[in-house]
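Let's take a walk through this structure together. Keep the sequence and the 3D view open as you read.

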Amino acid sequence: MGEKDTIKKIREKQADWEKKVYSKAVQENPERKQKFKNLSEVEIKHLYTPEDIAENEYLSDIGFPGEFPYLRGVHPNLYRGRLWTMRQFAGFGSAEETNRRYHYLLEHGETGLSVAFDYPTLYGYDSDHPLARGEFGKCGVAISSLVDMELLFHGIPLDKITTSMTINGPAAIVWAMYIANAENQGIKKTQIGGTIQNDILKEYIAQKSYIFPPEPSMRLIVDTFEYGYKYVPKWNTISISGYHIREAGSTAIQELAFTLGDGIEYVKAAMNRGLAIDDFAPRLSFFFNAHNDFFEEIAKYRAARRIWANEMKKLGAKNPRSLWMRFHTQTAGCTLTAQQPEINIVRVTLQALAAVLGGTQSLHTNSMDEALALPSEKAVRIALRTQQIIAEESGVTDTVDPLGGSYYIEWLTDKMEEETYKYFDKVERLGGVIPAIEKGFFQREIAESAYRYQKETDEKKRIFVGVNRYKLDEEISIPILKMDEKGEERQSHRLKKLRKERDNGKVQKNLSRLRKAAEGEENLMPFILECIHSYATLGETCDVLREVFGEYKEPAVF
Amino acid sequence: MNDLASRVVNGDHRAIGRLITMVENDEPDAINAMKEIHSHAGNAQIIGVTGVMGGGKSSLIFELALAYRAEGKKVGIIAIDPTSPFSGGALLGDRIRMMDLSTDSGVFIRSMGTRGMIGGLTSSLYDVVEILDAAGMNIILIETVGVGQDEVDIVKIADTTLVIVVPGLGDAVQTIKAGLMEIADVFVVNKADQPGVEQTVAELESMLDLATHIERRTPIVATSAKEKKGIPLLVRKIAEHQEYAKKNKVFDVRRRQRYEAELIEIIKKRLMNFIFDEAKLKRKVDCCIDQISKKELDPYTAADEILGIMLK
Amino acid sequence: MVKKIRVLVAKPGLDGHDRGAKIVARALRDAGMEVIYSGLHQTANQIVNTAIQEDVDVVGLSLLSGAHMTLFVDVVTMLKEKQMEDVLVVGGGIIPEEDVPRLKKAGVAAVFGPGTPVDDIVCFIKKNVKR
């Protein structure tokens, strides 16, 4: 009762303030823009007060960290207990080269590994496939077989460190390689921890590294959920991603809505198979972007936690761990500029800070040279140091959800949740996520946002330092990563040797068994593992699945 | 023989591409080549593919093309997309579904913008069909824009017209506006992997029951480009229609109508070019328009004057 | 006579990043050009054959995966073999400055890196179209 009166009083006083104080200030210092709209086109007011969040009940809507609705965090003491994992996405050239980079990063304080694969690997082709021409090792490490996986993790204790692998189309197969490598080292499946991205829906929508059509791809994913919770319990069998959706040009609200929508779709698919939600849901993880609008990003992560907790509850989850939206964050690659690359360090710092204030479980910070090439050693070291400074020197880790209660942040969090549910409705009316993908709905939304962003940039409605203001006419001269030119040749020899020296009879037998299983309904993971253990290559294994499942062709959506 | 024309007749893709550009741009140099190739054309079967956007026309055309290639036939594909009335530009994205065919020398795919022409077609379409025909294509598939009432124009040029309907895009009957019922030589219920197929087929059948003025009962074929189903049946129904048309002289009538339309199109273009490009006449025309705006002259008298000058 | 500039926007190789290519395609359309978009995963053969059939004035290659030295050069080489040197070839994506001179020597007329205003691309094409 008293609260309502307080709000009324505030409103009255604010009207007073607007008339007498604020309007005078605006006359002296006219506002720099007609409307202040954030990147999601939400109009931001000059001031937020308790009135803006008057509807919020602390106990039911905001709550405590570690308790439903998890708005303030999934861990009760977050960074006070354990800092986020510093996990730098890395990979280039051949497995040996990347192994050296992993050792470098671990020496300099990173606390988890993250593997970037090259395009042929992402599409399930061996390094010597004709389509791999020119692509070997260029944007990630080339992994064609278990041999490469062994080299990639040489000297790294897989029972002591977790690994995230950004792989989607052939995720099940690459995961099998990781598992097989660990087993060969005497490490049990129950001891290894990590994540496979394995999020095919966003491939169709944004990243485009799909292989098979939606239905068989979903089947493979549910196979990994099932295999994971039964045999590899410490493994996150999916990283439901918004990062790529954002990089493709979406707004923060679209990133939030489309990612969580995809997540719900995966849960439903697994439940349709007969899996119990509380068995697999605790191992679902998420992956978000950390973009430029500082407060919007923080609000986004918070809203994501609350929405996910609510949706999982609706689907019948009882285990608290099923309600946790745990996420990895990467700072926004698309915001980095080729011009004046050093200033990217500043951008990444702000973006990383937003992720930390949003409560991320693990973080990758981009390097300053990423609009030019893959990161050099120095650049990636600075990126890592950025995280370490935030962790050790800024004090933001001293308390949980420091921005909770901010009138602006709580209002924006609510607003983003509201807009997300509008998108959920839209997709529902289109028949669900997969029909919406086939109708090009997400792709169109993203293309529109991307185009609008470009127009605003070109028309200088949004300023990007060094790009459309504060430009510098200089030669860009920072050291660019150079890769070993002999890598591709070595890989080619390695593959030839492998194909000669392995037991080809066994390989063929295992591939046949995989084909048969793929035509049926069994869980494919054991069959894939068998193939991998006998040193079937990535390409050979994927080719079998390509034959059975077919290949996906996307529609043209602008 | 005109060099360009002879290269076209020999099936040289580069020459075909060039000549198409020239007719689209109304280049006078194209006319001699067009004159020469006409006698080499007339053998191809022209199949028009029309229907709402989102109907999967491009994928279906891709599957049809594959089927015809398997029969050893050469296939030409014309994919039409709308030209923006504001910018005059166009995003031609139909080809993306057919890129697996881009290295098959027995296939020629050309993307075209409507360039201001309503009717879902382009004014140079007759020329392009003649070019592909003369170049040796056995089958020419034309994918129209597929928006609204405008789709009916395809019947002027196609020997066989397919109308694509999709289940689940609302009431299938509603999507067939007046006119499409009559022009369909074959109804294709595409995306038959989606729910609602039987209902859509039933709706079409009952519409056909009521359309007593149509001579031949239009066949309905359910296809799924995704699952590659129904294509052989579709190919058969198209062939059956061809046989029927040839037997009943419908084919000859339609062809004649097509050439009539083509001739009208060429004359119209020439007349308009003459009136609006020829300097002396253009001045007269501009002057008339000013006078009409000021109510000093009425349009009919203006036309009399202009035509009077022309015919002198 | 109505002459439209016809452009093929192509994604060679396995790179799946199409945000830029699509934005450029739209911008060129808004500037009055007819734009054929090739879609993803195109080989040099596919790109050149498309360029021939569509009789394009410009081929725009977009690549962010680092494979440009091989794949862009493949396309330009093949265009030369087919005597299509009058086709303007431009490129964009993640291409280090130091690679640009070699690309230009091979026949790529211009490389538009990250941060290029789309109008620059439109202007360049309008000014340099050879036919």
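A charge is said to sit over a ring if NZ of Lys or CZ of Arg is within 6 Å of the ring centre and within 35 degrees of the ring normal. Before using that, a word on the ground rules. This is a predicted model, so local features need pLDDT of at least 70 and side-chain atom pairs count only at pLDDT 80 or more, while totals for chains, interfaces and linings use all residues. Residues are numbered from 1 along each chain as its sequence is written, chains are lettered from A and ligands numbered from 1 in the order in which they are written, and side-chain values use heavy atoms, with hydrogens and water left out.

Now to the charges. The charged end of A:Lys313 sits over the ring of A:Phe68, 4.1 Å from the ring centre. A:Pro69 belongs to the loop between α2 (58-62) and α3 (78-81) of chain A. Helices here are DSSP runs of H or I with at least four residues, strands are runs of E with at least two, and both are numbered from the N terminus. Another lysine over a ring is A:Lys426, which lies over the face of A:Tyr423 at 5.1 Å from the ring centre.

Let's step back to chain A as a whole. Its secondary structure comes to 22 helices and 9 strands. The radius of gyration of chain A (taken over C-alpha atoms) is 24 Å, and the globule rule (2.2 Å times the number of residues to the power 0.38) also gives 24 Å for 558 residues, so chain A is as compact as a globular protein of that length. Along the principal axes, the C-alpha atoms of chain A fill a box of roughly 85 × 60 × 45 Å.

How much of chain A is buried? Buried residues make up 59% of the 558 residues, where buried means under 20% relative accessible area, exposed over 50% and partly exposed in between, using a 1.4 Å probe and protein chains only. The accessible surface of chain A comes to about 23200 Å², and 51% of that belongs to carbon and sulfur atoms; such areas come from the Shrake-Rupley method with a 1.4 Å probe, and for residues only the protein chains shown count as cover. Contact means heavy atoms within 4.5 Å. Among contacts in chain A between residues at least 6 apart in sequence, 79% join residues at least 24 apart.

Domain bounds come from an automatic or database domain assignment. For chain A, that assignment gives domain 1 (4-59) and domain 2 (63-458). The C-alpha centres of these two domains of chain A lie 35 Å apart, and 15 residues of domain 1 are in contact with 21 residues of domain 2. Chain B is assigned domain 1 (1-40), domain 2 (41-248) and domain 3 (262-311). In chain B, the C-alpha centres of domain 2 and domain 3 are separated by 37 Å.

Next, the aromatics. Rings of Phe, Tyr and Trp (its six-membered ring) pair if their centres lie within 6.5 Å; planes under 30 degrees apart count as stacked, over 60 as edge-to-face and the rest as tilted. By this rule the count comes to 34 aromatic pairs over all chains. One of them is the tilted pair of A:Tyr204 and A:Tyr552, 4.5 Å centre to centre with 55° between the planes. This pair links distant parts of the chain: A:Tyr204 is in helix α8 (residues 201-207) and A:Tyr552 in the segment after α22 (538-549), 348 residues apart. A:Tyr204 and A:Tyr552 are both buried. A:Tyr301 and A:Phe327 make a stacked pair, 5.0 Å centre to centre and 20° between the planes. Here A:Tyr301 sits in helix α13 (residues 294-314) and A:Phe327 in strand β8 (residues 327-331), 26 residues apart. Both of these residues, A:Tyr301 and A:Phe327, are buried as well. There is also an aromatic cluster to find, whose members include A:Tyr102, A:Phe153, A:Trp175 and A:Trp235.

Finish with a few backbone spots. A:Gly155, in the loop between α6 (146-152) and β3 (163-166) of chain A, is exposed, with a relative accessible area of 58%. In chain C, C:His41 has a positive phi of about 60° although it is not a glycine; C:His41 counts as partly exposed at 25% relative accessibility. C:Asp55 also has a positive phi, about 45°, but C:Asp55 is buried, with a relative accessible area of 3%.
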